[in-house]
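Hi everyone, thanks for making time.

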Amino acid sequence: FTALDFSADMCIMKWYFSFEAMVEYYRLCRVYSELNGLKLRDNPFMQSAQHYVEFAMDLNEHIGYAWHLNTRINHKWASGIALYTDENFCAEYELLEALLSIGSWFQHHLKRLRGIVEEEKGKRQMALTHPEVMAA
């Protein structure tokens, strides 16, 4: 999903990029945190995603842009990257590479996180239904 807005007052373009895998990843991060009693800021999956997006969005010292990572999950495209560019921005190719890389990262890591969350849920269910097995 991509959205575009323009502020003529300040010559700023606002772009918003979101990926389905990103929204699902952050939803599962919340489930993982809840299952393990973690705050989101202490969740290693949240930290890993934040570090990767920061790495990818470092557009080789180009100027004329700023960005913010949204990790909300309250609607279909809530998680995403808000990008602000001005007339000095000239890193469209680097931005495209970064976005493709970010989308791929979330696709790949979503599969792993999905498996881990399912395993955690299974352990919790086993502990609730068969406490004697978990005690052994």
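**Helix packing and the core**

Let's start with helix 1 and helix 2, whose axes lie 9 Å apart and cross at an angle of about 150°. Helices here are DSSP runs of H or I, at least four residues, and strands are E runs of at least two, numbered from the N terminus. Axes are lines fitted to C-alpha atoms, for helices over the stretch in contact, with angles from 0 to 180 degrees between N-to-C directions. That makes the two helices roughly antiparallel, a label for angles over 145 degrees. Tyr25, Tyr26, Cys29 and Tyr32 of helix 1 meet Pro44, Phe45, Met46 and Ala49 of helix 2; contact means heavy atoms within 4.5 Å.

A word on the model: it is predicted, so local features need pLDDT of at least 70 and side-chain atom pairs 80 or more, while totals for chains, interfaces and linings use all residues. Residues are numbered from 1 along each chain as its sequence is written, and side-chain values use heavy atoms, leaving out hydrogens and water.

Now the largest nonpolar core: 32 residues, with Tyr25, Tyr26 and Ile102 among those having the most contacts inside it. Such a core joins buried Ala, Val, Leu, Ile, Met, Phe, Trp, Tyr and Cys through side-chain atoms within 4.5 Å. Beyond its neighbours within four places in sequence, Ile102 touches Phe19, Met22, Tyr52, Val53, Ala56, Met57 and Ile81.

And is glycine 103 buried or exposed? Buried, because its relative accessibility is 11%, and buried means under 20% relative accessible area, exposed over 50%, partly exposed in between (1.4 Å probe, protein chains only).

Definitions and conventions. Parallel < 35°, antiparallel > 145°, perpendicular 65-115°, else oblique.
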